[in-house]
Amino acid sequence: ENSLQKTSTCSSVNLTSGIFVSPYALNLSSFTKLIKRLQERHPEFSREEIVEAVQEVRKINKGVLNGLAISSIEEQTSVIL
């Protein structure tokens, strides 16, 4: 068996607009959950627009989302949207 087929690593996530988000900046499952919640809350915005707004929140918070509650990130992103 080829063990390379069983394992994979991800050093970054390429989002549709070419924005790279380190998986260390925000837990990937938390990020997915956040985007889903924001899409449900703001169906008038595209995924790309929502991701860009989250990136703006990250920029406002000195380049990190770590330590912020998902609900807080959601609220700050909603204000930007």
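Arg 41 and Glu 74 pair up through their side chains in a salt bridge at 3.2 Å, N to O (a salt bridge being a side-chain nitrogen of Lys or Arg within 4 Å of a carboxyl oxygen of Asp or Glu). Arg 41 sits in helix 1 and Glu 74 in helix 3 (residues 70-80), so the pair ties together parts that are 33 residues apart in sequence. Keep in mind that this is a predicted model: local features need pLDDT of at least 70, side-chain atom pairs count only at pLDDT 80 or more, and totals for chains, interfaces and linings use all residues. Residues are numbered from 1 along each chain as its sequence is written, and side-chain values use heavy atoms, with hydrogens and water left out.

**Overall layout**
- The protein has three helices and two strands, where helices (H or I, at least four residues) and strands (E, at least two) are DSSP runs numbered from the N terminus.
- Going along the sequence, you get the pattern β-β-α-α-α.
- Of the 81 residues, 30% are buried (buried is under 20% relative accessible area, exposed is over 50%, and partly exposed is in between, with a 1.4 Å probe and protein chains only).

**Salt bridges**
- The structure holds four salt bridges.
- Arg 41 also bridges to Glu 75, at 2.9 Å from N to O.
- Arg 41 is partly exposed at 36% relative accessible area, Glu 75 is partly exposed at 42%, and Glu 74 is buried at 7%.
- Over in helix 2, Lys 59 and Glu 56 are three residues apart, about one turn of the helix.
- Their side chains form a salt bridge at 3.8 Å, N to O.
- Lys 59 is exposed, with a relative accessible area of 61%, while Glu 56 is partly exposed at 32%.

**Arg 58**
- Arg 58 belongs to helix 2 (residues 47-60).
- Arg 58 is buried yet has no salt bridge, and the nearest side chain of opposite charge, Glu 56, is 11 Å away.
- What Arg 58 does have is a side-chain polar contact of 3.1 Å with Gln 55 (a polar contact is a pair of N or O atoms within 3.5 Å; within protein, one must be able to donate a hydrogen and the other to accept it, and residues adjacent in sequence count only if both atoms are side-chain atoms).

**Phe 31**
- Phe 31 lies in helix 1 (residues 28-41) and is buried, at 5% relative accessible area.
- Phe 31 and Ile 70 are 39 residues apart in sequence and 8.5 Å apart in space, C-alpha to C-alpha.

Notes: Lys and Arg count as positive and Asp and Glu as negative; His and the chain ends are not counted.
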